[in-house]
Amino acid sequence: MAQMGLVQFSGHQHLRLRLVLSILSGKAVRIDKIRPDDKNPGLRDFEISLLRLLEKVTNGTVIEISVTGTAFLLKPGIISGGPLTHDCPLSRSIGYFLEPIVMLAPFAKKSFQLTLRGITTDDQDLSADLFRTGTLPHLQLFGISDGLELRIKKRGAPPAGGGEVQFLCPIVKQVKTLNFVEPGKIKRIRGVAHAVRVNPQFSNRMIEASRSILNRYIPDIYLYSDVYKGEESGKSPGYALSLLAESTTSALYCAEAISQPGVAPEDIALRAARALLTEIEKGGCVDRQHQQLVLLMMVLGSEDVSRCRMGVPTPRTIQFLRDIRSFFGTSFKIVSADPSDEDCSQLLYSCYGTGYVNANRTVA
Amino acid sequence: MEDRPHKAHRPSKTDKKDKGKGKEKQHGFNEKAFAPKSGRRADRQGRRNVERDQQRLHVPLVNRTPDSEPPPVIVAIVGPPGVGKTTLLKSLVRRYTKQTLNDVKGPVTVVSAKKRRLTFIECNNNLNSMIDIGKIADLVLLMIDASFGLEMETFEFLNILQAHGFPKVIGVLTHLDLIKKADTLKATKKSLKKRFWTEIYQGAKLFYLSGVLNGRYPDTEILNLSRFISVMKFRPLVFRNSHPYLLADRIEDLTPREQVRLSKGKCDRTVTVYGYIRGTNLRMGTKVHIPGVGDMDMESVSILGDPCPLPDADSEKRRKLSEKKKLVIHAPMSDVGGVMYDKDAVWINVPGSFTRGNTDVPQGEGEQMVMDLQDAEATLEAGVAQSQIRLLGSSSKHLTVGTLDDDDDSDGSEDESGSEEEEDSGFDSDAISDGDNNTEDPVPSAQNTGRKSRRDVARTLPAASSSRIPPDADVEYYESDSDLGDGDESVDLGRRFEMEDGDAFEIPSDDPMDEAEEEEEEDDEDENADAPKWKRNLAEQAQALSSNSQRRKDWMKLIYSSDLTPEEVLSGKDDRLMTVDEEDDDNDEFFRLKTVSRRVEDEEEIDSSKVVSSEEDLKKWVGEEALDSIRTLFITGTARQEGGGQEEYEEMGSDFEDLEAGDAAAPSASKPIDAEALQAAALAAKKEELKRKFDEQYDDPEASKADFYTEKKDEISRQLQLNMEEFKDVSAEARALVEGFRPGAYVRIELVDVPCEMIEHFDPSFPIVVGGLLAAEERFGYVQVRLKRHRWYVKTLKTNDPLIFSLGWRRFQSVPIYSLDDHSIRMRMLKYTPEHMHCYATFYGPVSLPNTGFCAFNTLVADTPGFRVSATGVVLDVDRSVKIVKKIKLTGVPYKIFKNTAFVKDMFNSALEVAKFEGANIRTVSGIRGQVKKGLSKPDGAFRATFEDKVLMSDIIFLRAWYSIQPRKFYNPVTSLLLLDKSKWEGMRLTGQVRRDEGIKTPLSVNSTYKRIERPERRFNPLVIPKKLQAALPYASKPRIMKPQQRETYMQKRAVVMEPEERKAVALLQQIRALRKDQVARRKEKKSGKRAMHQKKLEAEEERKSEKVKERKKEVMRGIGKKSKREADVEEGRGPKRRKT
């Protein structure tokens, strides 16, 4: 048996994306020095849970964790998909687990029907709402659309959680090549305000407040108030506002704000609206939250040049670009989107796809 | 010259008067003649045309091969031995290059047209070669001996082609001159054509070549063939269109000679292969597979100058290929052409004898140079040493050159060379050939016999490698540690002549590029190799950056070739700092402390892709003007901040959002003229765009609603256009980094850890294919395929028998399990492949993408009788585990029977086993169904079972279960290229074969012996019905028992007394009967005698006939023997075996 390429990393940062790249590229990954100097060294419970989830969605994955938990080796198997359920720990929200799954799901053997239980919205990760309205449309850019769905069955606010989402994703043979350089202009703004186990009036108040900022720009603003009751509203009280702006070329910008103790819903709404404006101001065709997803799908495209215009890379994106190179050997060409304009902060990312074909897919 | 008048045109042969007449006759398409006669017919005709149009369409496929500089088309010449492959190859090469090759080996590349090159390769009669050639050939010239007919190898090859995507095939019939009779010739042609057409497709091209003239086929026939080759169009094949690959036309061993010597030639080699990239872009970081050798990592890839370049722009103007360009030929393994370009050297092969004074050889520049070098009488060093320079006129001693060390060195080397000279007389020529000391031996030695010997060495490279090591090269190697990385400079490559690359030869000097590449690739792993260069380079770059007053970052460099953390990249840390950091990294212990502290800081950072804007960022949006500043980003917004013309412009073209233009205009407001010019330009561009759109719509209103096919085609071409343009302005090395090496480029691939046998046993007549692997294909797993035993393969295939697969690039042996889908419930194992039906097969091996075709063989050796392709199929699924079950029946017997309950034994061994099967369905042979209830304690493994009816003690009870099995993890690549005799590869053998080979008897189990089955006669007791019951039965049901009659019957009791007439009559009858009997007996006797006579006669006849047949057979055999003898004479012992289909 041929020795498979092994990629080594140190540190706990960027763990999820490295695992995703490892599974997609088929190269084994070894990560060591995971919080070696911490009072509580080694992998955290959510990271262990993530590894377990990845073991569940794949077939033949071997995970070896060292005794101290500060190092582990992952030999990836194939992505199997199918109906699955996973209970997420309360230390991180569902978004933490959903993010790598979204990257893997289109390349599985069977279409994904993953049920995740835990916290649906918190201030660390993308909420289930933004996943539904923001992340999934990004997958549609790459031809992954039919049957792509995220159902929020129950909402669960921190700290006790109790939410449940179901993620359905079709499989594809190959993702489409992206050529997205026209950011367009914002034509509509949508949003979801939800409140669980609190006064349902809170969501209306949030909507009012955010409209006070956004109304000046365009009239096409619909903010939905989404109230869950009883069993479906989870175990803890909480509320949040997630906003989504869409441009004429269907570029999406999203932002959200989560309830905090002692802060009025109006302030939360203002914060969300201003965060959205920040994203819009950064421009590009993809907002900062989805840079990695889009870049990954560009790399996995057919052997053609794909281009995308985006803002300045976030630190995570920079590391991700480096990781992509160590796993796939692909580098991006990154130039200013508008060479004639010196102030233009937007960049044009172009790469030559690896021609990644879903080898897991069964024919006939 | 100029004032000489041009020759007048020849007058046309057809008379002008005739032209008028011709009009009436009007040749060609006569529209009226084909006009439909009725409306119905018109309708049908129209429909048919539309259907035909649709039939012509193929699924639009992207062709990854660039149109501008495509790689040469691979034309493979395939056929059984003695059919004339080499002759055809020579004829074709002569047709294209006007050169006659004496000894063709390996691929031969020629320029055939302005935009087309051809690589000819001859395929030998080895199945491994046929498989490899079938995977790479673009066009196959399939040669058939018409005097003999189609042979088994031809059919095997066609089946291999079919499994791996069918390339274009042209049939070539040869030996037509051997058929003397015109009628036979015609019939043969017809029948062969028919057979050929059924194999390929109706109307496949078939060429006829008559006899050989001057060792070539007739020029006119070859010309025709070459015309057909030149207009051939190729449709991309799916597998080749998704994999990069290369047909190596040259292979060199770069292993340091010393290493080879020390290991007695057994060390792993560093090897470079050269060839044109085909298929898709070849990228670094992927693995390659060389069929017959194995998977390998590419150490480096570099583009070399094209050894067989297409005509360039100046000759482009001509319609035809110029005569000069026609002479280009590239065939390194056959060693023609003379000059060879390596990465950093040029090899000149001098034709003819290499002794001085030999004037009949044409002397070019290269030859002259080498001759001049030979003229030197002593080395420069020797010259200097001999010259006696005195510093002062008065000093008595002249200066000595060279330190003590140097002397030692040279002494040592001389010693070494001396000793080697003793053992190897051919050493002198080696010493000459070494580029560094080419002035060493001024005496032209007798061994320098020029071409012949040199060619040998070029081919049998490894032979030279074992013992002949030029001493000085060695020394140099040890002294220069900086050259450790690229050892090829100091390595002696046979008896060729090396020149430092100068301007005289147009060699693309790849050195800087390579270094840059290395630098980028190995940025943090090993900087030790060329640290100083690295630093210098960086410093320059940093300076360039800082001098470039722009603040703009070079993101690619910052991300990919710096060691900065992402945060530092964003905060705009300088490059210069980075280099300092790196230095620290190398030799400073303090740096570690720093990283630790940094890591502790990072502890707070969480792994989250959500970007949470800080409060300060959000505060920005409190003011009104901040809010207004992004109004332009919304559809309702207009550019307010500019005013004047800008606003108008924005409003006018609100349909076209042009963000960049707006932004671009902003800073240039200080320069109003500039701004105006810009505006004007933008306006003009806009107008242009509108005009174009209008024109398009006006000219072709149908264009907007193009059909699916054209739409797809347009999309593909647009994407290809983008691919070409996107990286046009990027430097070559960055481009290689980003998109890899394009198809059509001539590259040199360095492979490390190549098994030494590949070099030691290298044979240029076996093709070396370098196939790139996709990421998925490097992995291993269980591959499920749909498989069908080939209908010409005589045996069936058995589960767990090893089978050789040719799948993807690879050839390997694995152990498949055959199975069938049992009503979508389970995958059920089959012991044997079904007849005339597909089945599934699952085996362990390298992953291939679903829908890849394959073919399988039981053996690859040549002397197998019959058809060797045993199965073909396609990959369906790839997984890490399989679920195949085989049926298992557990049997038991009842030992106690109650009504519907029975106690069963002998099915299980323990109560535990029974517990596992509680509730399982069981059945008797007679079909009574039942269930396992509960285990019994007393006899181990007995259980209680209930049935739907009472079972008998004689019933056998069985339980049907499914046992899951896994294919064996066996993968054995066919390493045929590593063998000395490449046709003798032997994989895992079957047990029977091993026993046969080793002479071991099959162990005989006593239980398995065949014995006579003794079945005791079954005795059935008579049915006894109790008297009481009988009495109670109704009359109809009462058994009717009758005793045999005791008394005499009435008739028996009577005595018969006959009357005299009666008695007479009876006597007469008796006599007649007796007579008759006698008559019959006599007749019978007579008949049998006659029959015997007839039999004898027949036998005699038969004997006579058989005598005749024997005679005739003898005659035929004599004829065959004569023919084979003649053939053998012609072929000189080539291909002793020939199998008639």
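**Note on the predicted two-chain model**

1. In chain A, four strands make an open sheet of mixed pairing, ordered E7-E8-E10-E9. Strands here are DSSP runs of at least two residues and helices (H or I) runs of at least four, numbered from the N terminus; two strands pair if DSSP finds at least two bridges between them. The edges are E7 (81–87) and E9 (149–154) of chain A, each with a single partner strand, so one side of each has no neighbour in the sheet. From one strand to the next the twist averages 15°.

2. The model is predicted: local features need pLDDT of at least 70, side-chain atom pairs count only at pLDDT 80 or more, and totals for chains, interfaces and linings use all residues. Residues are numbered from 1 along each chain as its sequence is written, while chains are lettered from A and ligands numbered from 1 in the order in which they are written.

3. E9(A) and E10(A) (residues 163–169) run antiparallel and are joined by 5 bridges. Within this pair, Arg151(A) is opposite Gln166(A).

4. Helix H3 (94–104) of chain A touches E7, E8 (110–118) and E10 of chain A, and its direction makes about 165° with that of E8(A). Helix H4 (128–140) of chain A lies across E9 and E10 of chain A, at about 170° to E9(A). Axes are lines fitted to C-alpha atoms, for helices over the stretch in contact, and angles run from 0 to 180 degrees between N-to-C directions.

5. Between the chains, 77 residues of chain A are in contact with 75 residues of chain B (contact: C-beta atoms, placed from the backbone, within 7 Å). Elements giving two or more residues to the chain A side include helices H1 (15–25), H6 (265–282) and H8 (315–328) and strand E12 (186–196) of chain A.

6. Thr255(B) sits in the loop between strand E8 (250–253) and helix H8 (257–262) of chain B. Thr255(B) is buried, with 22 other C-beta atoms within 10 Å (buried: 20 or more such atoms; exposed: 12 or fewer; partly exposed: in between; C-beta atoms placed from the backbone). Leaving aside residues up to four places away in sequence, Thr255(B) touches Val260(B), Cys267(B), Arg269(B) and Thr270(B).

7. Helix H32 (991–998) of chain B has 8 residues, of which the number buried is 0, so the helix lies largely in the open. Just after H32(B), Gly999(B) has a positive phi of about 70°.

Definitions and conventions. Contact = placed C-beta atoms within 7 Å.
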